[in-house]
Amino acid sequence: MMKALIERLEQKFRISEVVRQRNDELFMTAAKEEAVSLVTYLKEYEGFTHLVLLTAVDWLEAGRFQLTYLLNNNAVKADAGIRVYLDRERPEMESIHHLWKQAATYQRELKEMFGIGFPGSPRVDEPFILEGWRDIPPYRRDFDTKKYSEKTYFPRPGRKTYDPEEYMKKQLYPEE
Amino acid sequence: MGFEPVKILYALISLFLIFNVGMLISGITRKIGARVGRRHGIRFYQPYIDLVKNYALRSNVSHGVMFYLGPVFRLTGGIGVYLFIPVIYGSEYFSNFSFAGDMVLVLYFIFFGTLGMALGAGEGGHPYSAIGIGRGLAQVTAAEIPLVIAFLGVAIQYQSLSVTEIVAAQQGGMMQWTMVTNPLITLVGLIAFLGTMSRSPFDVVMAPQEIPIGPPTEFHSTFLGVLQTNRAIFPMAKTVLFVNLFFGGAANWGVLVLKVFIVYMTSVVVGVVFPRFRVDQSIRWFYKYALILGIIALFVTSLIIR
Amino acid sequence: MTKKDLDKRKVTGPDGEKFEVDPLRDYFCQERPRVHDPARRIWEGFLNWARSESLWILGYGTGCGAIEMRPLMTPRFTPNKHRIQWRPTPWQSNVPSSAAICPSRPQARGPGSYEQMQGPKYVVALGSCTINGGMYWDSYNTINRLDKYLPVDVYITGCMPRPESLLAGFEKLKTLIREGRGEGQNLYAKHFDEYKANQKKIIRDWDMPDYNW
């Protein structure tokens with residue numbers, strides 16, 4: 001079933017990096033310009049009507065963000081994931097809130113946590129969890145959370161960190 | 001009957017006694033409820049400690065004049081009901097300020113506290129208080145109708161509006177009680193009694209799960225202490241009134257406490273057995289069953305009296 | 001409620017008249033917390049005994065540790081035996097027990113509930129996170145020390161603390177109160193500016209009134 005689906009998709013869209021680990025799961029990378037029409041096609045024609053999640057990965061070394069749309073086809077119990085790569089310098093993506101209303105919330109969160117813009121998405125610029133955040137978005141990997149915490153939250157002195165393996169070895173087998 | 005200043009002293013003593021009875025009964029009731037649920041429960045004198053603590057809180061915040069007056073009105077309602085009913089039949093010390101038409105006045109006082117509370121809690125401006133007040137007033141009004149019908153029925157039966165005379169007419173054994181001579185009107189009275197006791201199934205006003213604690217949401221420290229005092233006195237006053245009207249009154253404090261405890265426990269037992277009504281259900285229930293039953297009971301009573 | 005709701009604005013009444021509403025002045029008290037001196041010796045001792053025997057708790061559970069407060073309510077641990085009762089509103093309780101992990105956003109609202117409580121009030125902090133951040137010590141979104149924001153009376157360590165240790169913590173609180181050492185409210189009033197500045201440091205867009213009562 002998935003094989004036929006891949007063939008149909010390959011005829012219509014420029015997809016690459018197709019990974020099919022199980023027969024009910026499919027991951028592919030789409031070009032940025034085509035991603036929304038691919039998602040729309042999957043939703044309208046292939047029965048992937050449920051948006052499971054929309055999330056992002058920060059590939060700092062490669063200088064790009066990866067957006068992942070995970071869709072679910074409840075009729076045949078199959079998942080499809082669509083990866084989209086964005087430029088890390090100017091991360092911006094078309095919104096899909098017209099397909100699923102709840103996508104607006106995901107996009108609002110992504111805007112806040114990664115700084116990925118979704119022009120036209122409702123309430124996308126309002127703060128989602130963080131209030132009055134002045135720093136760079138906290139989920140970006142170049143954000144130093146430890147430094148921020150030490151600067152903001154009054155660390156209590158005297159904190160020690162042990163390596164769990166070494167520590168337990170010393171506890172359980174002290175003579176070795 | 002002239003006014004004797006010494007009666008004030010006796011009334012205060014009797015108020016003090018009934019306050020303690022109320023505190024102990026509410027503590028014991030919670031203890032019993034906990035033990036039925038296999039919990040340890042509070043100590044039976046815990047309400048006293050809570051009361052001391054609430055009165056002893058150092059700060060309080062007011063939202064305006066009515067916020068002060070709300071609990072005061074509530075307490076006035078409770079004490080007012082109590083002060084105008086004879087507590088011990090035949091005792092000149094503990095007949096309080098009862099007079100020929102006290103039944104009508106007591107009806108006013110039962111509603112008075114609720115209205116005062118509504119004004120006071122409304123000034124607090126908390127949405128939960130407003131919801132609680134809305135539900136409370138609707139439900140109390142619905143329960144008030146069978147209450148008035150029951151009172152009317154008793155008044156018709158004994159051709160009197162004086163609680164003392166009604167108690168006097170019930171003396172001479174259990175067969176003379178209104179409970180036996182007119183069971184229908186007693187039933188209506190007890191239904192109304194359940195409706196005013198703010199226990200399940202009619203406790204949606206205070207519903208701690210949905211609207212945390214209802215009208216008293218914002219009342220704290222001394223305000224809450226006053227409300228707690230009233231919570232000890234008011235149900236007891238109502239129960240004493242019902243004992244007087246339907247269960248032959250009491251000739252001494254022992255009998256009174258026993259009867260009050262039993263009548264009070266009816267509301268507790270009903271509350272344990274039945275789940276909570278929503279406010280629209282309870283109003284409908286009062287109008288559908290209690291009201292119709294009450295009207296039938298009124299007809300029957302007047303026919304018997306003829 | 002958002003920050004906009006606190007701004008001054010013109011409101012048209014039901015009869016068409018216009019009047020100005022200043023929520024901060026009209027709906028909230030502008031008075032600073034005051035230091036309340038304890039009463040005389042023996043009397044205060046008696047009151048403290050009453051306070052310690054009647055702890056009314058507001059479970060302010062903002063994190064995973066709050067899950068351990070629920071078994072505490074069950075018959076197995078009988079909080080009532082330890083004179084602990086739960087109350088649904090902050091106005092009527094005395095002990096906010098702050099739950100383990102402290103995400104900054106709800107934790108900044110905690111002081112609001114704390115300020116609405118009256119009289120001698122005591123803070124019990126559950127879990128390691130309230131002490132030094134616990135396993136979330138380097139997170140961008142959790143505070144490290146609760147005592148920078150509220151005067152804490154008793155810390156209960158553990159991740160998460162079992163109901164037994166919660167009970168032990170409350171017993172400890174009771175001895176503290178009986179010894180007259182539960183004066184957190186006065187501490188808060190005395191160092192009010194400091195506490196407020198720390199609270200405002202977490203929430204940059206302060207959208208609450210400064211005094212919540």
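**View 1. Salt bridge across the interface of chain A and chain C.** In this predicted model, the interface of chain A and chain C holds one salt bridge by the rule used. Its partners are Arg156(A) and Asp147(C). Their side chains meet at 3.3 Å, N to O. Polar contacts across chain A and chain C come to nine residue pairs, with both residues at pLDDT 80 or more. On the side of chain A that touches chain C, helix α4 (residues 145-152) gives the most, with six residues. That side divides into 13 nonpolar, six charged and four polar residues.

**View 2. Extent of the interface between chain A and chain C.** Chain A brings 23 residues into contact with 26 residues of chain C. About 2300 Å² is buried between chain A and chain C. Carbon and sulfur atoms give 49% of that area. Three residues of chain A lose the most area to chain C: Tyr153(A), Phe154(A) and Arg156(A). Together they account for 34% of what the chain A side buries. Arg156(A) is also the chain A partner in the salt bridge with Asp147(C).

**View 3. Chain C on its own terms.** The secondary structure of chain C comprises eight helices and seven strands. Chain C has 213 residues, and 56% of them are buried. Take the contacts in chain C with a separation of 6 or more: 74% of them join residues 24 or more positions apart. The accessible surface of chain C is about 9700 Å². Carbon and sulfur atoms hold 52% of that surface.

**View 4. A positive phi at Asn96(B).** Most residues other than glycine have a negative phi. Asn96(B) is not a glycine, yet its phi is positive, at about 50°. Asn96(B) sits in a loop of chain B, between α3 (65-83) and α4 (102-124). Is Asn96(B) buried or exposed? Asn96(B) counts as buried because its relative accessibility is 2%, and the cut-off for buried is under 20%.

**View 5. A positive phi at Arg83(C).** Arg83(C) also has a positive phi, of about 60°, and is not a glycine. Where in chain C is Arg83(C) placed? The residue lies in the loop between α3 (69-72) and β4 (84-86) of chain C.

Technical notes:
Residues are numbered from 1 along each chain as its sequence is written. Chains are lettered from A and ligands numbered from 1 in the order in which they are written. This is a predicted model: local features need pLDDT of at least 70, side-chain atom pairs count only at pLDDT 80 or more; totals for chains, interfaces and linings use all residues. Side-chain values use heavy atoms; hydrogens and water are left out. Contact means heavy atoms within 4.5 Å. Buried area is the accessible area (1.4 Å probe) that two parts lose on being put together, summed over both. A salt bridge is a side-chain nitrogen of Lys or Arg within 4 Å of a carboxyl oxygen of Asp or Glu. A polar contact is a pair of N or O atoms within 3.5 Å; within protein, one must be able to donate a hydrogen and the other to accept it, and residues adjacent in sequence count only if both atoms are side-chain atoms. Helices (H or I, at least four residues) and strands (E, at least two) are DSSP runs, numbered from the N terminus. Ala, Val, Leu, Ile, Met, Phe, Trp, Tyr, Cys and Pro count as nonpolar, Asp, Glu, Lys and Arg as charged, and the others, Gly among them, as polar. Buried means under 20% relative accessible area, exposed over 50%, partly exposed in between (1.4 Å probe, protein chains only). Accessible areas come from the Shrake-Rupley method with a 1.4 Å probe; for residues, only the protein chains shown count as cover.
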